Amino acid sequence: MRRMFDPADVETLALGAGVLGTGGGGDPRVGALALRRELSVNGPPWLIDVDDVADSAFVVTVAMGGAPIVGLEKLLSDTFADVSVRRLERYLGRSVDAVVPLEIGGVNSLLPFMVGSRIKVPVIDGDGMGRAFPTLDKTTFSIFGLPASPLATSNEHGDGAIVECAANDRAEQVSRSILVDLGAACSSALFPMSGQDLKRTAVRRTVSLALSVGRAMRDARRAGRRPVDAIVEAVQACVPGTFAKPLFSGKVTDVERRITGGFNVGRGRLAGIEGFRGDAEFSFQNEYTRFAVDGRLTAVVPDLICLLDTATGDPVTCETLRYGQRVHVLGLSCAPALRSAKGLIACGPGAFGLPERYVPIEELNP
Amino acid sequence: MTESAPVRLGVDVGGTNTDAVVLRAHRIVGVAKARTSADVHSGIVAAVRIALDAARMRATDVAAVMIGTTQFTNAFVQAKALNRVGVIRLAYPASTAIPPFSDWPARLAGAVDGGARILPGGYEFDGRELNGFDAGAVRDVVSEFAGRGIRAVAISSAFAPLNRAMEDRAASLVRERLPDAHVSLSADFGRIGLLERENAAIMNAALADVASSVVAAYGTALGQIGLRCPLFISQNDGTVMSASEAARYPVLTFASGPTNSMRGAAMLAGVGEGIVVDIGGTTTDVGFLQHGFPRESSLSVDIGGVRTNFRMPDILSIGIGGGSRVLDGPDVRVGPDSVGSDIVTRALIFGGDTLTATDVAVAAGIADIGDRSRVRHLSAALIDAALHAIRGGVEEAIDRMKTESASVPAILVGGGRIIVEGDLRGVAPAIVPEHYAVANALGAAMGQAGGETDRCFDYERMSRDEVLAEARREATERAVESGAVAATVRITDVEEVPLAYLPGRTVRVRVRAVGDMKLEAAASRPEAAR
């Protein structure tokens, strides 16, 4: 299916991506402001299904890289809508036919639409995670063996580099040190792949999912319903068979966080409210990674743990969560690809230093 | 001793009432409440006259006047008499996808946007220049602003909190061409976060004319009463600035109201740590006191829909106050609709036809104002349900503001305080101090002098102890420069932000110092001095 992306949906997408970003992905507000402007100048791009892409098509992902604090000062350059894609095209001698989001959550779920608008190519309704994660190895593209290289990265001056590494973790390491030299807020084009590769690796319909979640939240607020209940219905309608359930409602009684190796790492506790009894505890590493009630595990990565403020319904990020805040905790099953043996090595509990063995969320909550 | 102690006069100009408090040696000797007048200054004159009479003092006894005001916030939010602002952002080619005013509501942008340009300049996170400063380009834009009659300019640059040199250079070029223009620099306001910091600078520039006329009107009002002492205006961190500084930095008064009422409450109750619950006519503001000052918000704050990140007290505001409407039904609701200052005509107890929170409190017998016979018909079930809703809302707000689950002292102040009585969950003790209705004006009167240092240090070149000692010394010196008595200055805040991805060990250190205002008793001051 092929439809025009509706410019009125920018905030809806940002809101839904905020939920599926499971506490990470950063503030999508800057991305939403930039996208709204881009669409008003260059018009909306098409949104197409993964299966409608030709096998021979040339597809890339686009993403922002660097340090979040630098992004707060340098915002987004207007050139980020095409500079790195053009660099990669020049290097490979091919024109890009479509862009696919790397992840759903924060600015990276909005940047592909800026690119689609600027260079007039469709955006693919899917991504490489079905959620947000902090590193490239935690993508289905990487899990299924696609190389992230050659990747192109560029700063606001148009200065940049092509990185080619055999292994994706090396590509990430090398490009990170280049990013620092380039000023630590860069756009990148990566995972150059064929349409056939895309069909083999991408998580399907995740842009549609983020849009339905965002719409359901907005409608629920208008109707005076709890957004968390509306999200459960929207997820089950959009991706039948997905497990979706409110796991807990609680008041934050403790949060401790520290910055380790560039990650925002920590844990916290909730005391039950609104009919939930007992104490819950959670861990995070940029995104929420683990949730347990009275010592019993109820959700763990790569399944999704989403926190929503009970008063506003807004998703609560790991960075802004604080004592006294009241939250609904929503658990969603992740894309099946992340539960494969290779998927769990890349983004299961062990990849985040958690001691647990992975148990699917539907088995933890029968 | 007491007779020669300096007398301070604190004034709170609110939307409904103008309150005044006369203080001698930290003791309240006179209080007054008057209606805020449309012209503002006659309300000030009335309140100050009554307060001085109550204190049996003459205007010449007063050593300093401190005014807390919401006028600048209101003028901005209502887009009243704002300047059109020309904006120069030094960051090109970064940030170009999000020009200035991108996140402003159309109504305010329409009133303020006088043209915005993104020019070469700014810094990288590690101090390198993002792009060279282009004096010619700045001059061209300033000429264009001048040609269009722009007289207020805001300047921002990438990483100005780490290095403000380019903003200063651009400001001097603006003044070369437009010597009378008001110039606001982002470095004077927020912290990291270009868009929010730039917004604060634009708001400040937009208020330039309002600020100079309001400050002049205050001077006129005080002159009419015969007050010839220095005038200070409350900032939102519990310190004051001189009248001339307030005319230059009006945004620093935003949210000074809640700050003043929290500081006043702390003094009235003799408590430095705990919760303050300020119940007004429409809302209840809950804040947390640390060392007698409100805890600062770590999040961005929206003002009239414009996001900023300058220092603000961390306040949780809920829609429950003395004038809140009570809706009867299967689910009794209190607020957020309120009759506000019309309570004196619209509440049942004052002969009106609207059931308010205050009516319920009178019916329940916890307050005794107005005509109680007019609320006799209210059912016990309705009264109970409404009081339960009020108490539940206030208790939840208190719980959200606490940092730990143990009970903390809570101080209840504000004109609407009468709608809550007795113990509150999570609170021990609940304190209702004398003069609770004028905590705000008292907080203004108690305004202190502050100083801050905020810069980057390399912990490999100096030890952490040396760095902190140096930063404390700088902040203390600045507090004394702005009028603090050296012996009373203490450090109220130390913040270290390691810039982890930088080579070396660069840390951004922000230290804040405050002390009591140095005031001369009126008697020892030459009569003509101002």
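Okay, let's start with what I mean by a helix or a strand: helices are DSSP runs of H or I with at least four residues, strands are DSSP runs of E with at least two, and both are numbered from the N terminus. Just past helix α1 of chain A, for instance, Thr22(A) has a positive phi of about 45°.

Some housekeeping. This is a predicted model, where local features need pLDDT of at least 70 and side-chain atom pairs count only at pLDDT 80 or more, while totals for chains, interfaces and linings use all residues. Residues are numbered from 1 along each chain as its sequence is written, and chains are lettered from A and ligands numbered from 1 in the order in which they are written.

So how does the model score? It gets ipTM 0.91 and pTM 0.89. For chain B, the mean pLDDT (the predictor's confidence in each residue, from 0 to 100) is 89, and 95% of the residues reach 70 or more. Then there's the stretch 523–530 of chain B, where pLDDT stays under 50.

Back to α1 of chain A, residues 10–20. Is this helix enclosed or open? Ten of its eleven residues are buried, so α1(A) is largely enclosed by the rest of the structure. Buried means that 20 or more other C-beta atoms lie within 10 Å of the residue's own; 12 or fewer is exposed, in between is partly exposed, and the C-beta atoms are placed from the backbone. Among the buried ones are Val10(A), Leu13(A) and Leu20(A). What covers them includes α2, α9, α10 and β15 of chain A. That cover is judged by contact, which means C-beta atoms, placed from the backbone, within 7 Å of each other.

The axes of α9(A), residues 206–223, and α10(A), residues 227–238, come within 8 Å and cross at roughly 145°. Axes here are lines fitted to C-alpha atoms, for helices over the stretch in contact, and angles run from 0 to 180 degrees between N-to-C directions. Which residues make that contact? They include Leu209(A) and Val213(A) from α9(A), and Ile231(A) and Val235(A) from α10(A). The contact residues divide into eleven nonpolar, two polar and three charged. Nonpolar is Ala, Val, Leu, Ile, Met, Phe, Trp, Tyr, Cys and Pro; charged is Asp, Glu, Lys and Arg; the others, Gly among them, are polar.

Now, where the chains touch. The contact takes 28 residues from chain A and 27 residues from chain B. On the chain A side, α3(A) gives the most, with five residues. That side has 14 nonpolar residues, nine polar and five charged.

Over to chain B. There, six strands form an open sheet with mixed pairing, in the order β3-β2-β1-β4-β9-β10. Strands pair if DSSP finds at least two bridges between them. β3(B) and β10(B) stand at the edges with a single partner strand each, so one side of each has no neighbour in the sheet. The twist averages 25° from one strand to the next. β9(B) and β10(B) pair in the antiparallel sense over three bridges, and Phe232(B) stands opposite Ser242(B). Helix α9 of chain B lies across β1, β4 and β9 of that chain, at about 125° to β4(B).

Last one: Val494(B), in strand β22(B). With 14 C-beta neighbours inside 10 Å, Val494(B) counts as partly exposed. Beyond four places in sequence, Val494(B) is in contact with Leu468(B) and Val511(B).

Methods
Two residues are in contact if their C-beta atoms, placed from the backbone, lie within 7 Å.
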